[in-house]
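Here are a few friendly notes to read alongside the model.

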Amino acid sequence: MSSFTYQFDTPSYKGTSTVSTGLFINGKFVEPVEKGTIEVVNPVNGKVITSVAAGTAADIDNAARAARKAYKESWGLKVPGVQRGRMLSKLADLLEANADEFAALEALDVGKAFRVARNGDVSASIAALRYYAGWADKIQGKTIETNEKKLAYTRHEPVGLVGAIVPWNFPLTMLSFKLGPALAAGNAVIVKPSELTPLTALRLCPLFVEAGFPDGVINVVSGYGSTAGQALSEHMDVDKITFTGSTLTGRKIMEAASKTNLKKITLELGGKSPSVIFDDVDLEQAVKWASHGIFMNHGQACTAGSRIFVQAGIYDKFLKAFTEHALSLKVGDPFARDTYQGPQVSQTQFERIMGYIKSGKEEGATVHIGGERHGNEGYFIQPTIFTECKPNMKIVREEIFGPVAAIIKFATEEEAIEQANNTVYGLACSVFTRDIDRAIRVAHSIEAGTAWINCHNSSELSLPFGGFKQSGIGRELGEYALEHYTNLKAVHVNIGHRL
């Protein structure tokens, strides 16, 4: 089986990483049936890093057979929750022992800063696995009183076979957010990582074996969305799909699920999150959090606070301070110690963002700073701020998924709420004010699944995450996520009723 070895010699990390580039099915790496490959590109320079196997429908079939066999014979409720939890905990320990290597791989094919990947992505992945390890033996039903001649209770049983389609912006973190509850509940899993960023998912596979998971419980099939992803969504033996990505792809998955076996779906989709900044804020903190809201992960976050509504009384001061902060962000090599923003993930994403910037200019918005390529190679874009933005502009209405902020002035609380809700999305929002009554009132009024007060992009593993409107269906994280990975059964026991 082919593998890929990369020697890192950078200011942030020095070491060697070897990744098998096949498909991980039934506990071992195998070649794809059709022998296709996918080129993995370094977004820093546009050069090919390596090629990995391109799975197709035939490989999804093979993975589904292996997963179903494992679920029936060596997994599911045949393995007590305590044991499932121990395996998840061991997987977290193994990931922690190799944390720097995984961070380096994320920096390599995603383009994010190594320190962000290490302290953010990898740390969150470890924590998520440990969190759900603790839940594995605490998935419980209820005894429900009916009458003296009946014992009635509920069971939460595994769904069975879960297909997990993982995005490219947080590859390892989103994979952990899906594997954690799926495995804790006793499901078998087929993972389809993004074709752009498959390296950490493939590197994780040997750790599944070392952690003690039976063969076939976790399978990883790299491939394109239009082939492997479509096959997984349509497969009649897959009981559930969990997907994070665009609303457009989410619609396709929902359609495929409805036309086949009506599989359960969890969809965490796009966003156009508003940050509402009132004139009584702590200006320095509001600037820093709003910047983190939009520029974190190069703007490639579904929760990006890309619409920043600023009350008129503080607008000029905020814009000046926000501009200075944005200009201070270091854009460059992901492995440089002071880098905050690396390149966008791909040429396609780079062109998409630049297309939105062009649209903003053409529709009459003002480029306050940025709006251009950064450097001469790779997919770097300057942090960009637009002013004079109108509600009908594409940069205000559509998800850009890049380091592009639209600053919009408002006068009253009612106006801010109306503008914040003027979107088809409802994933997240943030409210900045010293007035706690107003903070809670506005947070409750904005139509979004997550509301942050005086912060942004500050999530917790124990709290549910998901959207309203076209930002998705279902929830990830917290206890709530477990509901989507189990089937609820009501059991009626006759203990005296006779006909």
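Predicted model: local features only at pLDDT ≥ 70, side-chain atom pairs only at ≥ 80, totals over all residues.

1. Just after α1, G76 takes a positive phi of about 65°.

2. Which residues of α1 are buried? They are D59, I60, A63, A64, A66, A67, R68, A70 and Y71. An α-helix has 3.6 residues a turn, so residues three or four places apart point the same way. The cover over the buried residues of α1 includes the strands β3 (23-25), β7 (150-158), β8 (161-165), β9 (188-192) and β10 (218-220), along with helix α7 (225-234).

3. Now to the largest pocket, with a volume of about 1,200 Å³. Its lining has 44 residues, and W168, E195, G245, S246 and T249 are the closest to its centre. Two or more lining residues come from each of β5 (37-42), α7, β11 (240-244), α8 (247-259) and α11 (347-362). Of these, α8 gives the most, with 6 residues. By class, the lining holds 18 nonpolar, 17 polar and 9 charged residues.

4. The second largest pocket has about 750 Å³ of space. Among its 33 lining residues, those closest to the centre are A124, F170, M296, N457 and S459. Helices α4 (114-135), α5 (171-184) and α9 (283-295) each give two or more residues to this lining, and the largest share, 6 residues, comes from α4. The lining of the second largest pocket divides into 16 nonpolar, 12 polar and 5 charged residues.

Key. Residues numbered from 1 in each chain as written. Heavy atoms only, no water. Buried < 20%, exposed > 50% of the residue type's maximum accessible area, 1.4 Å probe, protein only. Helix = DSSP H or I, 4+ residues; strand = E, 2+ residues; numbered from the N terminus. Contact = heavy atoms within 4.5 Å. 1 Å grid on protein atoms, 1.4 Å probe; cavity = no way out; pocket = protein on both sides within 12 Å on 5 of 7 lines; lining within 4 Å. Points joined across faces, edges and corners; volume = space filled by probe spheres on them. Nonpolar A, V, L, I, M, F, W, Y, C, P; charged D, E, K, R; others polar.
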